[in-house]
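Here are my notes on this model, point by point. Keep the structure open while you read.

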Amino acid sequence: MNTINRTTIGIAAGVAGTLFIAYCIYFDGRRRADPDYKKKVHERRRRLRKNRHTAGHGIPNLSSQQAIERYFLQELKMGEELIERQEYENAVAHFANAVLVCGDPGRLLEMLQHTMPAQVFAILIIKMQEIGNRARAEMNEAAKAAGVKRMENADEDEDATNAALIDDLE
């Protein structure tokens, strides 16, 4: 009599599960019936879209020199703080953003090479190569869409033009 059999435990678990699901359905209905619910959802989605457009690439308005300078300094500062906390992957992302908007990226990379650990700088170089490859791929896709020859075909045409010029000179 003191022992509870498996059937009783199964029935109790089934009833508890059913009550939990009913609870969820009831309060979800109440939440959706709230007149401000749709407004809140639309506002949240609008904010997320806006943040995605500004934070997705993270690059400021390129026509404003002050915005670029603020962004550049902010990214350098964030990268330095993350290096101090030894969060190298995130730091590299911020340094890469700074290099992208920098007026003289070669000089900035030299400075970073001397100031940051070698393994972190190597990760930064790899990241910059990935960004460059991605940009080239996007340019090639855009060129294909516009009906322009790819870069490889342009090199072949340039070789043919150079050969024609050499023939003309002889």
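1. Start in helix α2, which covers residues 37–57. Arg-46 and Glu-43 sit 3 residues apart there, so about one helical turn separates them. Their side chains form a salt bridge, with the closest N and O atoms 2.6 Å apart. How exposed are the two partners? Arg-46 is partly exposed, at 42% relative accessibility. Glu-43 is partly exposed as well, at 32%. Keep in mind that this is a predicted model.

2. The spacing deserves a word. An α-helix has 3.6 residues a turn, so residues three or four places apart point the same way. Look for this spacing again in the next point.

3. Now go to helix α1, residues 6–33. Which side chain does Asp-28 meet at 2.3 Å, N to O? The partner is Arg-31, and the contact is a salt bridge. Both residues lie in α1, 3 residues apart, which is about one turn of the helix. Asp-28 also forms a salt bridge with Arg-32. Here the closest N and O atoms are 3.1 Å apart. Asp-28 and Arg-32 are 4 residues apart in α1, so they too are separated by about one helical turn. Together, Asp-28, Arg-31 and Arg-32 are linked in a network of salt bridges.

4. Asp-28 counts as partly exposed, at 27% relative accessibility. Arg-31 is partly exposed too, with a relative accessible area of 40%. Arg-32 counts as exposed, because its 52% relative accessibility passes the cut-off of over 50%. A search of the whole structure finds 4 salt bridges.

5. Which residues make the nonpolar surface patch of about 700 Å²? They are Phe-20, Ile-21, Tyr-23, Ile-25, Tyr-26 and Phe-27. Take Phe-27 as an example. Phe-27 lies in α1. Its relative accessible area is 38%, so Phe-27 is partly exposed.

6. How well covered is α1 as a whole? Hardly: the count of buried residues among its 28 residues is 0. The helix reaches 41 Å from its first C-alpha to its last. That is close to the 40 Å expected at 1.5 Å a residue.

7. An unreviewed UniProt entry lists residues 6–26 as a "transmembrane region". Such annotations may be inferred rather than shown by experiment. In the model, the chain over residues 6–26 is 100% helix and 0% strand. The end C-alpha atoms of that stretch are 30 Å apart.

8. Compare this with α4, residues 88–101. α4 has 14 residues and reaches 20 Å from its first C-alpha to its last. The expected value at 1.5 Å a residue is 20 Å. Which residues of α4 are buried? The list is Ala-91, Val-92, His-94, Phe-95, Ala-96, Ala-98, Val-99 and Val-101. What do these buried residues pack against? They pack against α3, α5 (105–115) and α6 (118–146).

9. Gln-86 is in the loop between α3 (65–84) and α4. Gln-86 is exposed, with a relative accessible area of 59%.

10. Finish with the whole protein. Its secondary structure comes to 7 helices and 0 strands. From the N terminus on, the elements run α-α-α-α-α-α-α. Of the 170 residues, 18% count as buried. The accessible surface comes to about 13,800 Å². Carbon and sulfur atoms account for 56% of that surface.

11. One last figure concerns contacts along the chain.

Methods: Residues are numbered from 1 along each chain as its sequence is written. This is a predicted model: local features need pLDDT of at least 70, side-chain atom pairs count only at pLDDT 80 or more; totals for chains, interfaces and linings use all residues. Side-chain values use heavy atoms; hydrogens and water are left out. Patches are made of residues with over 30% relative accessible area and no salt bridge: like charges are joined within 9 Å, nonpolar side chains (Val, Leu, Ile, Met, Phe, Trp, Tyr) within 5 Å. Accessible areas come from the Shrake-Rupley method with a 1.4 Å probe; for residues, only the protein chains shown count as cover. Helices (H or I, at least four residues) and strands (E, at least two) are DSSP runs, numbered from the N terminus. Buried means under 20% relative accessible area, exposed over 50%, partly exposed in between (1.4 Å probe, protein chains only). The expected span of a helix is 1.5 Å times one less than its number of residues. Contact means heavy atoms within 4.5 Å.
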